[in-house]
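Open the model in your viewer and keep the sequence panel beside it. The stops below go from one selection to the next.

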Amino acid sequence: MSGTALVVGGGIAGLVAAHRLSTAGWDVTLAEATSVLGGAVSPRFLDVPSHGETGAPETQTLELDGGAESFAVRGAAVRALVEELGLGEKIVAPEPLGSWLHGPAGPVPAPRLGIVGIPGDLDAEGLAAALTPAGLERARQDAEAPMD
């Protein structure tokens with residue numbers, strides 16, 4: 001079966017749907033509201049102050065990973081999709097240096113004990129620097145609140 005399909009949204013689900021339909025012989029149009037494909041896993045760009053060779057203040061744009069990349073390594077589905085797309089040779093292992101968070105006080109290392117950004121120990125060294133005081137208080141309340 002083939003035909004014409006309109007896929008709305010260029011996030012990962014829309015991109016996979018468009019690819020699968022196209023592979024099956026459909027004429028596909030992909031509509032995305034933004035200028036960047038990938039949705040929640042698209043790159044993020046952050047302008048940060050830096051000092052150039054002259055020592056004068058400049059702005060440097062950093063490209064950061066977006067999305068919960070840890071899900072990609074928990075099973076075989078993402079790896080299989082990457083291979084299906086012919087991108088297996090482009091896989092790059094993450095840096096073992098850990099993640100960083102950028103908040104109002106600037107960049108800080110993400111706490112080591114955690115899962116997908118959720119702190120595993122609210123008393124861990126460095127956690128207070130990664131959260132605002134209100135955020136840390138809210139995390140403590142959530143840890144004590146009964147789950148509904």
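The model you are looking at is predicted.

Next, select residues 12-23, which make up helix α1. This helix has twelve residues and reaches 16 Å from its first C-alpha to its last, close to the 16 Å expected at 1.5 Å a residue.

Now show the whole chain as a cartoon. The protein has four helices and eight strands, and along the sequence they follow the pattern β-α-β-β-β-α-β-β-β-β-α-α. Of the 148 residues, 14% count as buried.

The remaining stops are salt bridges; the count for the model is four.

Select E84 and R20, whose closest N and O atoms are 2.9 Å apart in a salt bridge. E84 lies in helix α2 (residues 77-84) and R20 in helix α1, so the pair ties together parts that are 64 residues apart in sequence. E84 is partly exposed at 40% relative accessibility, and R20 is partly exposed at 44%.

Stay on helix α2 and select R79 and E83, four residues apart, about one turn of the helix. Their side chains meet in a salt bridge at 3.1 Å, N to O.

Finish with D123 and R140, a salt bridge at 3.2 Å, N to O. D123 sits in the loop between β8 and α3, while R140 is in helix α4 (residues 133-144), 17 residues apart. Is D123 buried or exposed? At 61% relative accessibility, D123 counts as exposed, whereas R140 is partly exposed at 30%.

Conventions. Residues are numbered from 1 along each chain as its sequence is written. This is a predicted model: local features need pLDDT of at least 70, side-chain atom pairs count only at pLDDT 80 or more; totals for chains, interfaces and linings use all residues. Side-chain values use heavy atoms; hydrogens and water are left out. Helices (H or I, at least four residues) and strands (E, at least two) are DSSP runs, numbered from the N terminus. The expected span of a helix is 1.5 Å times one less than its number of residues. Buried means under 20% relative accessible area, exposed over 50%, partly exposed in between (1.4 Å probe, protein chains only).
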